[in-house]
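Look at the structure first, then read on.

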Amino acid sequence: MSDAPTTTHRAHGAPEERPSYPMRRGCPYHPPTEYTQLDEQGPLSQVRLYDGRTAWLVTRHHEAREMFADAALFSSDHDNPAFPILAEREKNFPEFTQELFGLDGERHRSRRRMLLPRFTAKQVERMRPMIQEVADELITELLRHEPPVDLIAVLGRPLPSRVICRLLGISYEEHELFERHAQGIMQAPDLQQAVLAGRELLDYLVQVVEAKQDHLADDMLSTLITERLHTGELTGTEVSKLMVALLIGGQETTTSMIGLGALTLLEHPDQLALLRDDPALLPGAVEELMRFLSIADLTTLRVATDDVTVAGQTIRKGDGVILSTAAANRDGTVFEDPDTFDIRRSTQGHLAFGHGPHRCLGENLARAELEIVFGTLFRRIPTLELAVPLEEVSMKVGMTLEGLHTLPVTW
Ligand code: HEM
């Protein structure tokens, strides 16, 4: 697949001369080629956002990691008017999600503490049989179809949504509604449609919270209701916003990883053969897919709360900062031969789940889902292959997460 056109950029100069961001991936599983050119000029470069503002793009692992860790200097406060956004549709994200992603300090920590117990490695281990059951059912259903089949529609989208419903304790019957709205928030072509999707999802969840109070069980929503809502610590809307954060944090991300992950394995048959011969390589393969694909590259944004110098560049209070996990995860000083997909490499320290106080809350769950999906898929359908040439696979462009619209496969 041909890569995006190459141009050289100066790090400084008039704002209109700065490269516009985000850049487009030429190949679905490689970061834009412009990242390498910018990185050659240093760890930080200035880029121009859609609304004409500039922001710092951080392309090196060391600097990105340090800045992720320093949440006091590099804030996630979505209410700050200087907070950078990458598209018009992201303007109203705080209205639906600010209860977690968009908070700083003690308020953020207290919200995180409310959810953390359900996401520990131990809790996720207990969910594995349920996830396996869901994966088996969906793959059995997939095999009933006449190929070619869209892997995203039959597996990538329903699997995480069923798993999240079970985790939260909400009915799967309405899954189409929240899959559509979670997708709408992340992919709407304009602000109006993103707002509509967000408001409908929030309204729906407010009703779910209301109804759930008569059917409490051993699930996350029941815990939030008894321990936080009934104690007066959170309102119904705040509980619902936490659920939106979990739905959009856990749905589209996992769908993207299933689609792009399957594509990457199919396009690297030597690596897939290694995995088939030795299923013990599965956890390492998932970790390498996380590093290699870095699908949440466009989500890790911050705003500087004070003047600070990083790698010789002065960042001013109020400057937007983009911590590129895709660029950092291809830093050759940390990962040898970083553009090679190698399921046996050490991926230690990759930043695909972020780092520091906002590090992905669902990382254990994501790993379990992906290990089970890829392990089961390639075991049960050993002849699985792409039904179209790589060039014809439809990539998402201009969306909040990297991924594919569809992935036609055959066997
Ligand atoms: C499948 C691949 C996934 C990727 C690549 C991913 C990536 C990320 C990243 C990079 C962050 C940090 C954002 C930042 O620093 O601003 C994050 C945060 C978060 N993720 Fe994930 N995630 C994934 C799956 C999940 C799942 C399965 C869930 C839950 C069901 C989840 C829930 C969250 C939540 C709630 C946060 C916000 C944490 C906070 O702000 O304290 N994620 N994720």
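## The shell around the ligand

The shell around the ligand has 16 nonpolar, 9 polar and 3 charged residues. The classes work like this: Ala, Val, Leu, Ile, Met, Phe, Trp, Tyr, Cys and Pro count as nonpolar, Asp, Glu, Lys and Arg as charged, and the others, Gly among them, as polar. In total, 28 residues surround the ligand. The closest are His-108, Arg-112, Arg-302, His-358 and Cys-360. A residue is near a molecule if one of its heavy atoms lies within 4 Å of it.

This is a predicted model, where local features need pLDDT of at least 70, side-chain atom pairs count only at pLDDT 80 or more, and totals for chains, interfaces and linings use all residues. Residues are numbered from 1 along each chain as its sequence is written, and side-chain values use heavy atoms, with hydrogens and water left out.

## Iron and polar contacts

Which residue is the only protein donor of the iron atom of the ligand? It is Cys-360, through its SG atom, at 2.3 Å. Donors are N, O and S atoms within 2.8 Å of the metal (3.2 Å for Na, K and Ca). Water is not among the atoms, so sites may look incomplete. Cys-360 sits in the loop between H15 and helix H16 (363-380). Helices (H or I, at least four residues) and strands (E, at least two) are DSSP runs, numbered from the N terminus.

Next come the polar contacts, which are pairs of N or O atoms within 3.5 Å; within protein, one must be able to donate a hydrogen and the other to accept it, and residues adjacent in sequence count only if both atoms are side-chain atoms. A side-chain N or O atom of Arg-112 is 2.7 Å from an oxygen atom of the ligand. Gly-249 uses a backbone N or O atom, which lies 3.1 Å from a nitrogen atom of the ligand. Arg-302 places a polar side-chain atom 2.7 Å from an oxygen atom of the ligand. Two or more residues of the shell come from each of these elements: helix H4 (105-115), helix H11 (236-250), helix H12 (252-267) and H16.

Arg-302 belongs to strand S5. Is Arg-302 buried or exposed? Arg-302 is buried, with a relative accessible area of 7%. Buried means under 20% relative accessible area, exposed over 50%, partly exposed in between (1.4 Å probe, protein chains only). Between Arg-302 and Ile-343 there are 41 residues of sequence separation and 31 Å of space, C-alpha to C-alpha.

Leu-57 is part of strand S2 (residues 54-58). Leu-57 is buried, at 0% relative accessible area. Leu-57 and Glu-288 are 231 residues apart in sequence, and their C-alpha atoms are 23 Å apart in space.

## A covered helix

Helix H7 (residues 158-168) is mostly covered. How many of its 11 residues are buried? The count is 9. Among them are Pro-158, Leu-159, Val-163, Ile-164 and Leu-168. Gly-169 follows H7 and has a positive phi, near 90 degrees.

## Backbone exceptions

Most residues other than glycine have a negative phi, and most peptide bonds are trans. Two peptide bonds here deserve a look. Tyr-21 and Pro-22 are joined by a cis bond with omega of about 5 degrees. Pro-22 is in the segment before H1. The bond from Pro-147 to Pro-148 is cis, with omega near 5 degrees. Pro-148 lies in the loop between helix H5 (121-144) and strand S4 (149-150).

Now for phi. Ser-294 is not a glycine, yet its phi is positive, about 35 degrees. Ser-294 is in the loop between helix H14 (282-293) and strand S5 (301-304). Ser-294 is buried, with a relative accessible area of 1%. Ala-311 has a positive phi near 45 degrees. Its loop runs between strand S6 (308-310) and strand S7 (313-315). Ala-311 counts as partly exposed, at 45% relative accessibility.
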